[in-house]
Structure formats: structure tokens, C-alpha cells
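Work through the exercises below with the sequence and the 3D view open. Try each task before reading its solution.

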Amino acid sequence: DIGSNDGTLIRFYKEAGHRILGGDPAREISQRATDSGIPTDCRFFTTAYAKEVLLQHGPASIVTANNVFAHADDLRDITRGVSLLLKNEGIFVFEVSYLLDVLQNNLFDTIYHEHVSYHSVKPLAAFLNSMGLRLFKVSRVPTHGGSIRCFATKSLVRFPLQPRVQELIQQEITSGLYQHDTYRGYVEDIVRMGTNLTELLRNLKSEKKKIAGFGAPATATTLMHQFGIGQQYLDYIVDDSPLKQGLFSPGKKIPIVASDILQDRTTMPDYLLILAWNFAESIIK
């Protein structure tokens, strides 16, 4: 599992009796995973590393990479390593944010520094094909506001091409994903959203209302800087992660605090601006 984090995914494979190996460059997390019984190399996945794994463990039946494929500076090197490591009838499964959802659902705040690529099916199929892999199955999933789970293999004999792949490519073309005007319209939508939101916040502040933010993900930083939302609108931001509490939002310097503050009537806000929109349903409850 590439970017295996704490080993949550491949732990299920281990419990099913399979041999597993994780790889994650974060030292503390990879060590904790290893200590918990999930063997994890503290390494970035490269072709050179794939060769080492192949020599030590043999070829893999499955290679997974969830929400890391868009973060890679050198997709060719990673994919070359995957192709090298896979058995002839092995499967590469990866999940990425879907560009069509980014545009159709106005998910502009998912565009930030660690996301190097923004994926859609048509170029992905061509890219994988150039690397000796065949994209044979794609599923749309709700993760991060809209993602695709992709399945690639060397062998289309065992895993034939599913019609859904071509259907999504056609949908991308029909939706104007590869036309300049689509992106010009996208910019206009973003400007309109920013105008509406800041006007709402400004009106509430003119009525002496107290407003707080809920959630401090990376996406919130993009949104606040794009729309100019800072301390003039938000008194503080609530986040349930102890790692973020006691710190400040990047650039805007808004205090990040624990959610206990919402129970105190002296600090309770009149309004909450949900910044972690992908958890909106549970936050509203």
C-alpha cells in the first residue's frame, strides 16, 4: 500500500491471511504502524524502491494508492515502479479526486500545494497505457466531495475493459472538461460564490453577530485566502483535532480551539461557518 499511513487499509488484508507491506515517508506514523503489527517501510515509493521490494518479497498481486497519486511530483517513476512490482495478472487500485466533480461541484478549495495533479479518466487511461498498464475499471465514489477509484492491470485477458470507462470519458467530453470556456465559467462561479459569502458575513457582522468557523482542513485555508475571510469575520475556528488546537489558521491567524467552546454561553457564536464541508452532515447534527 503506497502512502499506507497507519496501516488501516492493509490491516484488513492481513486479517484475511495475505502477506502485506506498507510504505509511508512519515517517520512516526510508519513506526507506529510497524509496532502495531503492520510492516511499514519509511520510504517514498519510487522505481528504485520497487526493485528492492521485488527482490525481498517477490511480485505483488495488489498495489494500492489511495489519495496519494495526485500528490506525486513524478507520476512516471511511481507508475513505472508499480508496473514493475505487479504480477502479470496483478491489479493496481488507486483513488484520486475527480476533476469533473471539482468543476461541477465547485470544489475549488481542494486546489492547494500538495495536490500536484487533478485527474480525469481520459488522460489517465492514456497515461497508464503509455506505462504498460491498462485502465479496465473506474468507479465514482463520494470521498472528498467526489473521487474516482481506478483499477489497472497488465492483463486485459483476465480483467476485460468495462464499459463504464468509455462512458465516463464520453461524459467528460460532453461536459466540456477539455474546453477552455468551461474553466472561464468556473472562475466566474468562484467569484460569484465569494461575493455572496462575504456579503452574508459582512451583513451579519454589521448586526454585531459573533461568527465562528468549524473545521480547519487545508481546504479551509484555500477558501479563506481566495475570499479574503479573516479575523474581520471569524472570531475563532473550532476543530476536533488536538494537533490543531492552540494554533492559528495559516496566514489569517485565527485562533483554533476545541469544540468545548460551543457549550459555553459566554463564548458561543451566533453563527457557524462550516469550513470542513465534507463533514457538514455530522457537524450540523
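This is a predicted model: local features need pLDDT of at least 70, side-chain atom pairs count only at pLDDT 80 or more; totals for chains, interfaces and linings use all residues.

Residues are numbered from 1 along each chain as its sequence is written, and side-chain values use heavy atoms, with hydrogens and water left out.

**Exercise 1. Overall description**

Task: State how many helices and strands the protein chain has, and what percentage of its residues is buried.

Solution. Step 1: count the DSSP runs, taking helices as H or I runs of at least four residues and strands as E runs of at least two, numbered from the N terminus. The protein chain has 10 helices and 10 strands. Step 2: apply the burial classes, which are buried under 20% relative accessible area, exposed over 50% and partly exposed in between (1.4 Å probe, protein chains only). Of the 285 residues, 41% are buried. Step 3: take the extent of the C-alpha trace, about 65 × 50 × 30 Å along its principal axes.

**Exercise 2. The nonpolar core**

Task: Find which residues have the most contacts inside the largest nonpolar core.

Solution. Step 1: a nonpolar core is a set of buried Ala, Val, Leu, Ile, Met, Phe, Trp, Tyr and Cys residues joined through side-chain atoms within 4.5 Å. The largest one has 59 residues, and those with the most contacts inside it are Phe 69, Val 82, Phe 92, Phe 94, Val 121, Ile 229 and Leu 234. Step 2: helix H8 (residues 180-206) supplies the largest share of this core, 5 residues. Step 3: list the contacts (heavy atoms within 4.5 Å) of one member. Leaving out residues up to four places away in sequence, Val 121 touches residues including Tyr 98, Leu 135, Ile 148 and Glu 172.

**Exercise 3. Positive phi**

Task: Is Asn 106 buried, partly exposed or exposed?

Solution. Step 1: Asn 106 has a phi near 55°, a positive value in a residue other than glycine. Step 2: Asn 106 sits in the loop between helix H5 (99-104) and helix H6 (121-130). Step 3: its relative accessibility is 22%, so Asn 106 is partly exposed.
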